[in-house]
Amino acid sequence: MSLIRQIWLLLLGVVLLALAGSLAITVVAERDTLQTQLRLKNNDNAQALALALSQQRGDASLMELLVAAQFDTGYYRSIRLVRGNGQLALDRHADPAPAVAPAWFVRLLPIESAPGVGQVSDGWRAIGSLQVVSQVSYAYDDLWRSTLRGAAWMLLLGLVAGGLAMLAVRRMRVPLDATVAQAQALSEGRYVVVPEPQVPELRRLGSTMNAMVLRLRGLFESQSAQIETLRRQAHCDPLTGLPHRAHFMDRLSSAMQREDGFGGGLVLVRLADLAGLNQRIGHEATDRALLLIARALQEYPERAPECFAGRLNGADFALCLPAPDMTAETASSLGAALQAGLQGQGPGIGVHIGAIELHRQQGAGDLMAAVDLALARAESRGLFAVEVVADATASPALRGERAWRQRIVDALDGGCARLKAFPVLDRKAGLVHLECPLRLQLEPEGEFEPAARWLPLAMRSRVTSIVDGKAVDLALEAIAQDGRPRGVNLAAASLADGVFAAHLRHRLGEVPQHAAKLWLEVDESVALAHFAAVQEFARLLRPLGVRFGLEHAGQRLHQIDRLYELGLDYVKLDAAVCRGVGRSDAGREFVRSTATLLHALSLSVQAEGVEDAVDADALFACGVDALTGPWASARYEE
Amino acid sequence: MACLLLGAIALSLQAWDHDRMDAAARRIGPRAVEGARALQPLIAQVAKQDEIARLAPINEFFNRRVLFRDDQEVWGQVDYWASPLEMLGKGAGDCEDYAIAKYFSLVAAGVPAARLRLVYVRAELDGGVQAHMVLAYYAQPGAEPLVLDNLIGDIRPASRRPDLAPVFSFNSEGLWQGVAGASAGDPVARLSHWREVLQKARAEGFLP
């Protein structure tokens with residue numbers, strides 16, 4: 001039984017006992033008083049009547065009249081005059097008057113009407129004794145009414161006491177609940193600090209738990225700072241702090257292989273004549289120019305988290321843009337910014353810029369070749385020239401927004417939606433869950449197309465929550481069929497949609513045994529940009545048994561200040577940080593520290609996009625709990 | 001078991017309680033103890049005689065031993081009904097104190113309460129008229145009573161007392177007496193003089 005319930009029962013018991021006890025005592029005391037009064041009344045009346053009878057000089061008819069007059073007031077059950085020899089001289093008696101009080105009450109609290117006795121004489125001659133008994137029902141009625149009144153008062157007092165007790169318990173409950181919630185949060189891996197309770201017993205507990213939480217937080221924060229250093233060492237160019245070529249390429253291919261797709265552009269910036277510059281203006285001035293370019297590129301990722309930049313080699317920088325149709329504009333504005341910046345550094349310092357619209361079907365290598373070609377064209381046109389190659393095939397079919405929305409909704413409703421399934425395997429090759437991206441058949445008889453084709457349109461048409469709802473429904477149906485756990489990823493817009501969360505909660509509450517096999521995940525960047533929404537979503541859904549995690553994580557994990565308060569179950573590391581760890585000490589070190597930190601937060605760690613056994617072994621050795629990607633799919637089929 | 005049975009029989013034969021009377025007398029004072037010591041053998045002695053014969057010794061005992069004084073003088077109150085031992089303790093009392101003491105002593109000696117009545121009378125005394133109380137003994141119900149008075153020491157039949165005009169009479173017969181001490185805490189029940197003196201007489205061992 002809960003503590004609060006015990007307190008309630010105790011209070012209830014004490015109040016009931018006190019009230020019922022005082023009512024009983026009052027009633028019994030009143031009964032005794034009434035009984036005494038009745039006895040005295042009988043006696044007084046007997047004395048008074050006997051005195052009056054004694055003055056009648058033994059005249060029987062006068063005495064009878066007097067007795068009758070007294071009796072007819074109606075307050076007497078009997079008045080009798082008994083002669084010395086036991087003979088009845090006068091007798092008046094009535095039936096007991098009906099009482100208002102119920103029979104059980106009369107039986108429970110009997111009131112005795114003791115007869116009053118007076119001696120009647122005529123001068124020295126003793127006539128007999130007079131016995132007077134009053135009706136007792138009036139006393140019962142009086143007692144019954146006062147019992148009812150007493151009970152009503154007690155009830156009122158009881159309600160007031162109950163109300164006060166409720167206030168007191170509520171006051172007690174607040175700090176208790178806060179402490180319990182903190183403990184609950186701790187067990188869920190959220191490290192929150194609560195205000196210290198005012199109650200002394202709880203204050204020590206609260207402050208101890210707060211201190212522990214703060215110590216753990218400090219630990220996590222220093223660890224995550226350390227990991228950030230490792231990440232820089234593993235992935236970044238020491239001079240500019242931008243990702244180096246290998247890492248940039250990993251991120252580029254990881255981005256392009258993602259199910260939810262990638263439309264955007266790639267901008268290549270080259271510092272003209274690096275070797276010549278080194279000779280002419282010296283190392284330091286050249287480094288200044290390189291840093292200036294790096295800073296100009298860095299502004300884009302800072303403004304749009306989906307952007308990323310890199311230093312490909314000595315003179316070459318690249319910027320990857322997440323949105324289509326803005327490459328040309330970005331390239332020219334970048335060119336203008338660099339022109340303004342670099343011309344102040346000295347004569348002859350300049351860049352060439354080549355840019356290209358990205359298309360998913362291309363490989364990263366082809367892309368680089370294409371953008372190199374654009375750059376070469378720019379170089380032929382002189383300093384600060386910008387060359388953009390538009391890829392006509394990449395641009396999606398132009399349709400009205402309304403038409404797109406309709407098509408997506410039709411596809412969802414018309415059964416033209418299907419889940420793919422990619423296995424996530426643990427180190428014993430056991431299935432953790434199936435990653436289930438949604439595919440839609442947008443054209444009749446056409447292919448089931450990945451999110452890359454339609455997600456940007458769905459986002460623009462604001463139907464993501466419908467799309468995500470459909471994906472969860474399909475996953476639950478599939479779980480119901482084969483009992484295998486399934487993972488579904490959700491868009492940021494769905495998370496922020498309160499109706500979606502409430503709907504989902506209701507839907508999952510109906511099938512708790514299936515909800516326990518559902519894994520929901522959001523992109524790392526969503527957690528960064530919409531921390532509160534993600535936290536609230538986790539708080540709402542995790543109690544239903546749903547597993548909740550981040551996907552494509554690793555790049556900005558350290559930027560999520562309060563990862564420990566988010567309420568997650570797992571984190572999937574992005575392919576960009578997992579790829580090639582088998583061959584990179586720094587990469588392994590980064591994954592290992594990250595996994596250690598996440599484990600310390602009670603999160604399980606999974607790796608995405610694993611292609612070969614070398615990486616798989618290295619990842620497992622670094623403490624990663626499960627893998628997905630081509631290697632896992634191949635093993636699962638075996 | 002036999003002891004218990006004997007005890008019970010003894011209790012029913014002897015209506016009064018020797019020890020209780022001693023204890024009560026000690027509480028009141030040395031004169032009360034002295035009075036009780038004189039009264040106890042008298043009660044025990046007369047109890048063996050005929051009912052009629054019991055009256056005179058008791059009547060005489062109180063008439064002789066107690067001086068007639070006003071309540072105001074003895075108790076500092078206008079009207080005070082003293083118990084037998086209280087009166088013996090003071091050695092003085094007024095008319096109702098005499099009647100009360102005789103009443104309880106006779107009851108203790110085994111005279112049925114139904115044959116005794118305390119009577120309010122109008123007494124003509126020395127040409128004046130006075131409210132007075134006497135004890136009347138009825139050998140049979142309805143018969144002429146014998147009057148035990150402190151003004152005239154002899155016991156005379158009522159017809160030989162033309163100076164007394166009876167007004168009202170009472171006794172403890174049929175009166176609800178309750179448990180001893182039950183009315184002690186009851187302010188309402190305290191009001192009656194008669195009830196109070198009954199209580200005291202029981203505490204002094206005159207009544208069972």
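Chain A holds an open sheet of four strands in the order 2-1-4-3, paired antiparallel; two strands count as paired if DSSP finds at least two bridges between them. Helices (H or I, at least four residues) and strands (E, at least two) are DSSP runs numbered from the N terminus. This is a predicted model, in which local features need pLDDT of at least 70 and side-chain atom pairs count only at pLDDT 80 or more, while totals for chains, interfaces and linings use all residues. Residues are numbered from 1 along each chain as its sequence is written, and chains are lettered from A and ligands numbered from 1 in the order in which they are written.

Strand 2 (88-93) and strand 3 (116-122) of chain A each have a single partner strand and stand at the edges, so one side of each lacks a neighbour in the sheet. Neighbouring strands are turned by 15° against each other on average, direction ignored. Strand 3 of chain A is joined to strand 4 (residues 125-134) of chain A by seven bridges, and the two run antiparallel. A:Q119 has A:S129 in strand 4 as its bridge partner.

Helix 1 (residues 3-54) of chain A packs on this sheet, touching strand 3 and strand 4, and its direction makes about 5° with that of strand 3. Axes here are lines fitted to C-alpha atoms, for helices over the stretch in contact, and angles run from 0 to 180 degrees between N-to-C directions. Helix 2 (residues 60-71) of chain A lies across strand 1 (76-83) and strand 2 of chain A, at about 20° to strand 2.

In chain B, helix 2 (residues 18-28) packs against helix 3 (residues 30-46) at about 155°, with axes 7 Å apart. That makes the two helices of chain B roughly antiparallel, a term for angles over 145 degrees.

Chain B has 20 residues in contact with 20 residues of chain A, where contact means C-beta atoms, placed from the backbone, within 7 Å. Strand 7 (residues 164-170) of chain B gives the largest share of the chain B side, four residues.

The largest nonpolar core has 83 residues, and A:V571 and A:L619 are among those that touch the most other members. Such a core is a set of buried Ala, Val, Leu, Ile, Met, Phe, Trp, Tyr and Cys residues joined through C-beta atoms within 7 Å; buried means 20 or more other C-beta atoms within 10 Å of the residue's own. Helix 12 (residues 464-482) of chain A supplies the largest share of this core, six residues. Apart from it lies another core of 69 residues, including A:L130 and B:W16.

Notes. A residue is buried if 20 or more other C-beta atoms lie within 10 Å of its own, exposed if 12 or fewer, and partly exposed in between; C-beta atoms are placed from the backbone. Two residues are in contact if their C-beta atoms, placed from the backbone, lie within 7 Å. Angles under 35 degrees count as roughly parallel, over 145 as roughly antiparallel, 65 to 115 as roughly perpendicular and the rest as oblique.
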